[in-house]
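Biologist: Here's the model I'd like to talk through. Please pick a single part and give me a close look at it, with whatever it touches.

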Amino acid sequence: MLLFRSEEHVDRWCELWSQPRGAMFSAEQAWQLAQQWYQADRREAAWRRKTVDEAEATFAQLGFTSDFWRLR
Amino acid sequence: MNESDLHNRVRAFIFDEFMQRNHAPSASETAQALGLDSAAVRDAYRALADGHVIVLQSSGDILSANPYAAVPTPFVVETARRAYNGICIWDALGIVANLGCDATVHTTCGDCSDGIALTVRAGKLVQPGGEVVHISVPARHWWTNIVFS
């Protein structure tokens, strides 16, 4: 997951490396995703990874609802 | 101590070492610090890796305890106390979220290599420009090659 100056830079990178254009979103959305995913203290005994349902719900909450974000 | 308690103690120690010192403890360091058997801690490392909580190198050493990377990366998180590395922009911002402090993520455009800095202050991303994040691997395949993803 890389950061780019703009969509044009993403297109150039995809062409250069023969990679499909996957999901693209703003730095602000990435910050929201990072908080949802990593804010919990992983030192806590009660911490556990998100279930598939919880992870998909997190994506949906951020507007990531396309097939790209499905986990099964 | 049952297996679940052991894994929890080992996990807590690993993440505390990353958070406090940006240090990836070896299994023997963790065993010594916690007064546990080395073989049991190595098993716990494998179990945590199987559960996608950490990623191990072929040597058995930690490559990452996401969001923290144990090796230099192009995603450097600078805080008032120290610097950290994330494997990708999501993890770099994840380090900021996990630490809950002000920080700046230093990286480069994946295409042109121009430097980009994203600053978080008081829980908010400061003046984001038009930068975009891109991921080419669909979510259900991320763990096929988590380092590439």
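Modeller: Let's take helix 3 of chain A, where Ala55(A), Thr58(A) and Phe59(A) are buried. Here, buried means under 20% relative accessible area, exposed means over 50%, and partly exposed is in between (1.4 Å probe, protein chains only). Those three cover an arc of only 100 degrees around the axis, so they sit on the same side of helix 3 of chain A. The arc is taken from the directions that run from the helix axis to the C-beta atoms.

A word on the ground rules. This is a predicted model, so local features need pLDDT of at least 70 and side-chain atom pairs count only at pLDDT 80 or more, while totals for chains, interfaces and linings use all residues. Residues are numbered from 1 along each chain as its sequence is written, chains are lettered from A and ligands numbered from 1 in the order in which they are written, and side-chain values use heavy atoms, leaving out hydrogens and water. Helices (H or I, at least four residues) and strands (E, at least two) are DSSP runs, numbered from the N terminus.

Contact, by the way, means heavy atoms within 4.5 Å.

Helix 3 of chain A spans residues 52–61, and Val52(A) belongs to it. Val52(A) is partly exposed, at a relative accessible area of 35%. Setting aside neighbours within four places in sequence, Val52(A) touches Leu71(A) and Arg72(A). Following helix 3 of chain A comes Gly63(A), which has a positive phi, near 90 degrees.

What about the partner from the other chain? Helix 4 of chain B lies across strand 4 (76–78), strand 5, strand 6 and strand 7 of chain B, and runs at about 170 degrees to strand 6 of chain B. For that angle, axes are lines fitted to C-alpha atoms, for helices over the stretch in contact, and angles run from 0 to 180 degrees between N-to-C directions.
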